[in-house]
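Here are a few friendly notes to read with the structure open beside you. Take them one point at a time.

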Amino acid sequence: MKVKIALGLILVFAVMQLFTIERVLYEKPTEQDFILIEKPNQNVELLLKNVCYDCHSNQVKYPWYSGVAPFSWIVNDHIEEGREHFNLSTWGNYDSGKKEHKAEEAWEEVAEGEMPLKSYTFIHREANLDHDQVELLVSYFKEIQQQYK
């Protein structure tokens with residue numbers, strides 16, 4: 001009985017691999033990219049790249065497990081949803097009002113501990129923000145918000 005269950009699970013897992021996701025290939029930053037436009041200091045730039053860019057840009061670095069279903073589906077969903085809310089690669093396409101709003105959302109999400117997602121930081125330990133890093137990102141995005149008021 002246990003062998004049949006194990007074989008059934010293996011079969012289900014194998015079939016799941018047939019349903020792949022369409023990955024968005026890594027795109028080099030364009031002149032619309034947040035970092036190229038806003039020119040943050042090196043500390044902020046590093047934080048943005050390590051904490052935000054995998055889900056909120058077109059410069060995604062897919063981890064090894066993103067090629068294995070069902071994890072691939074979850075990763076793809078997070079990336080698509082992240083880009084819908086805030087795409088740092090298309091920052092230059094936003095008007096001033098949208099930039100102000102997105103900057104406000106960014107600092108609020110970071111300040112409240114909603115971003116980065118716990119599911120992301122569980123795997124990507126480098127994205128766990130300490131108090132000083134949270135304060136740095138919050139104050140930076142508050143500055144950006146004020147710039148576009």
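Which residues form a nonpolar patch on the surface?

1. The patch is made of M1, I5 and L9, which together have about 380 Å² of accessible area. Keep in mind that this is a predicted model. One of the three, L9, has its place in helix 1, residues 2-16. L9 counts as exposed because its relative accessibility is 58%, and exposed means over 50%.

2. Now look for aromatic rings: the structure holds 8 aromatic pairs. In one of them, the ring centres of F86 and W91 are 5.9 Å apart and the planes meet at 70°, so this pair is edge-to-face. F86 counts as buried at 10% relative accessibility, and W91 counts as buried at 0%.

3. W91 also pairs with Y148: the centres are 6.1 Å apart and the planes are at 75°, so this pair is edge-to-face. W91 lies in the loop between helix 4 (71-85) and helix 5, while Y148 is in the segment after helix 7 (131-147), so the pair ties together parts 57 residues apart in sequence. Y148 counts as buried, with 15% relative accessibility.

4. Step back and you can find one aromatic cluster formed by F34, F86, W91, Y94, Y140, F141 and Y148.

5. Next, charges over rings. The charged end of K142 sits over the ring of W107, 4.4 Å from its centre. R125 lies over the face of F122, at 5.4 Å from the ring centre.

6. Finally, K142 and E108 are 34 residues apart along the chain, and their C-alpha atoms are separated by 9.2 Å. E108 is found in helix 5, residues 96-111, and counts as partly exposed at 27% relative accessibility.

How values were computed: Residues are numbered from 1 along each chain as its sequence is written. This is a predicted model: local features need pLDDT of at least 70, side-chain atom pairs count only at pLDDT 80 or more; totals for chains, interfaces and linings use all residues. Side-chain values use heavy atoms; hydrogens and water are left out. Patches are made of residues with over 30% relative accessible area and no salt bridge: like charges are joined within 9 Å, nonpolar side chains (Val, Leu, Ile, Met, Phe, Trp, Tyr) within 5 Å. Accessible areas come from the Shrake-Rupley method with a 1.4 Å probe; for residues, only the protein chains shown count as cover. A salt bridge is a side-chain nitrogen of Lys or Arg within 4 Å of a carboxyl oxygen of Asp or Glu. Helices (H or I, at least four residues) and strands (E, at least two) are DSSP runs, numbered from the N terminus. Buried means under 20% relative accessible area, exposed over 50%, partly exposed in between (1.4 Å probe, protein chains only). Rings of Phe, Tyr and Trp (its six-membered ring) pair if their centres lie within 6.5 Å; planes under 30 degrees apart count as stacked, over 60 as edge-to-face and the rest as tilted. A charge sits over a ring if NZ of Lys or CZ of Arg is within 6 Å of the ring centre and within 35 degrees of the ring normal.
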